[in-house]
Amino acid sequence: MKPRSPVVAILGHVDHGKTSLLDYIRSSRIAAKEHGGITQKIGGYTAKTEIKGYPISEITFIDTPGHEAFSQLRARGANVADIVLLIIDAKDSLMPQTIESISHIKQSNVPCIVVLNKMDLPEAKPEKVKNDLLRHGIMVEGKGGEIPVSPISAKTGKGIPELLETILLIATDKELKYDPKANLEAYVIETKKDRRGIAVSIIVKNGTLHVGDVVYAGGVKAKIRSITDDLLSPLREATASQACELLGFEVAPLVGSKISNINEAEVAPQEELAAAPKKAFTSADFFAPVVVEQKKLAILIKADSQGSLEALLAILSENSNIEIILSGVGDVHKSDVFLAKASKAIVIGFNSHVDPETKDVAKQEKVIIKSYSIIYELLEELEEVALLLQEKEQATKNLKGEAKILATFVIEGEKVFGSKLNKGKFNLGDMVEIHRNDSIIGKSKIVSLKIRAKKVEEVKKDQECGLILSPALDIRVGDVVKCIL
């Protein structure tokens, strides 16, 4: 295993200095390499810091449009960024997109550095920014937390060398490694089409990519014709944490798709293939993914006005079964959909517009968006679902045992159900519920338990057994038997 460079994403409000910071670091690097300032936007670039004393001296920056791209990558399982910079204008403090970026960072569980920009201006108020961050759960150094703060000026360059060293220090603590001989693991961060064909920008996380390699991305196959970096330099191979652009794809893969030299669809276990197709959401599935996955109902709220939003938040904050991932004023955007996907949440809009493109993205990503114009309807429906969540959570806590029906037999005129316990235990005489497609189809009683034809009083987790139930009911292979205390 070899050390690899950290991959860094930058989030923040528009005009707070993200582009200026990236351009300063990029221009310094180009001047050092005397490439005449010609660069190519490929969604990322690697900067050599010349800082000594660390296992690595290079940093790769993802140069993509803000939190939407960041959450889009995460929504598809692409954990590309190792560190996130939250850039804030030290004179303006927190703005709407700053607060939205904080929500994305919290959900990602990626280490964060707060970057206070425009510190060269006399109007800069760093203490106010730190106090404002506290109100949103971001505890920085000096305010009771451990999140580092880097004061900089992207205009003059002051503080940027110290920021780069902080990045290298965190990267060293994370012990980032890669195996150059491992199977390729890379992620798509941007795609475009020009006179050359489809150009795919990627960042390699493990293994090595060579010109001529055959790769797969989300079922799309390609033979790599060329690899270039953002300085237009051709590469024969790309290694970990390197941002580069590929030619060779006939169909553009989705942003966030994993690129591998193995067609994972062909080597997937049979049970995964069987479970792969996902049905579209219907009204009957309202909130279903969150109910089974989380203890709390995770929601994103967008409202038409600050007054409406504050009224909703005041009421919803009293419900302990609801977790608000993000709240804001304005329309529902694609970035909301991607955050909801990554957080296993649903999107609630109160008098907020949802454009057709966002609706299409939500349908593609299988994210529920519910729109309301009457506040009482919204609250009643959420309360109803919260109660259902509580009931299911309680049932899970009281679950004594759970088994899946693997086969059915008729022995001496009695129906016997071959089962395997995947949770808890069953005892002779237990009352059980029979579930099919997450719905109860009936209740029965265990009147006989056998392991390899031997009668037993108890069956435990991971054991296979034969069940005889009374009444027998219309039980099929694949049904789930649950014993609730």
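Predicted model: local features only at pLDDT ≥ 70, side-chain atom pairs only at ≥ 80, totals over all residues.

Biologist: How many of the 10 residues of helix α10 are buried?
Modeller: A residue counts as buried when its relative accessible area is under 20%. In helix α10, which spans residues 334–343, the buried residues are S335, D336, V337, F338, L339, A340 and S343. The helix is therefore mostly covered, because under that definition the number of its residues that are buried is seven.

Biologist: Which residue forms a salt bridge with D82, and where in the chain does that partner lie?
Modeller: The closest N and O atoms of this pair are 3.7 Å apart, and the partner of D82 is K205. The pair links distant parts of the chain, 123 residues apart, with D82 in the loop between α2 and β5 and K205 in strand β10.

Biologist: Are D82 and K205 buried or exposed?
Modeller: The cut-off for a buried residue is a relative accessible area under 20%. D82 has a relative accessible area of 5%, and K205 has one of 9%. Because both values fall under that cut-off, D82 is buried and K205 is also buried.

Biologist: In the salt bridge between D132 and R135, which residue counts as exposed?
Modeller: The closest N and O atoms of D132 and R135 are 2.3 Å apart. D132 has 12% relative accessibility and counts as buried.

Biologist: Which residues do salt bridges that share partners join into one network?
Modeller: A salt bridge pairs a side-chain nitrogen of Lys or Arg with a carboxyl oxygen of Asp or Glu. Where such bridges share partners, they join several residues into one network, and its members are D89, K91, D92 and K118.

Biologist: Which element gives the most residues to the lining of the second largest pocket?
Modeller: This pocket has a volume of about 620 Å³, and it is lined by 25 residues, of which I99, E100, L326, S327 and G328 lie nearest its centre. The elements that give two or more residues to the lining are α2, α3, α9 and β20. By class, the lining has nine nonpolar, 10 polar and six charged residues. The element that gives the most, with eight residues, is α3.

Biologist: Are the rings of Y45 and F61 stacked, edge-to-face or tilted?
Modeller: The count comes to one aromatic pair. Its ring centres are 5.8 Å apart and its planes stand at 35°, so the pair of Y45 and F61 is tilted.

Biologist: Where do Y45 and F61 lie in the chain?
Modeller: Both Y45 and F61 are buried. The pair links distant parts of the chain, 16 residues apart, with Y45 in strand β3 and F61 in strand β4.

Methods: Residues numbered from 1 in each chain as written. Heavy atoms only, no water. Buried < 20%, exposed > 50% of the residue type's maximum accessible area, 1.4 Å probe, protein only. Helix = DSSP H or I, 4+ residues; strand = E, 2+ residues; numbered from the N terminus. Salt bridge = Lys/Arg side-chain N within 4 Å of Asp/Glu carboxyl O. 1 Å grid on protein atoms, 1.4 Å probe; cavity = no way out; pocket = protein on both sides within 12 Å on 5 of 7 lines; lining within 4 Å. Points joined across faces, edges and corners; volume = space filled by probe spheres on them. Nonpolar A, V, L, I, M, F, W, Y, C, P; charged D, E, K, R; others polar. Phe/Tyr/Trp six-rings, centres within 6.5 Å; stacked < 30°, edge-to-face > 60°.
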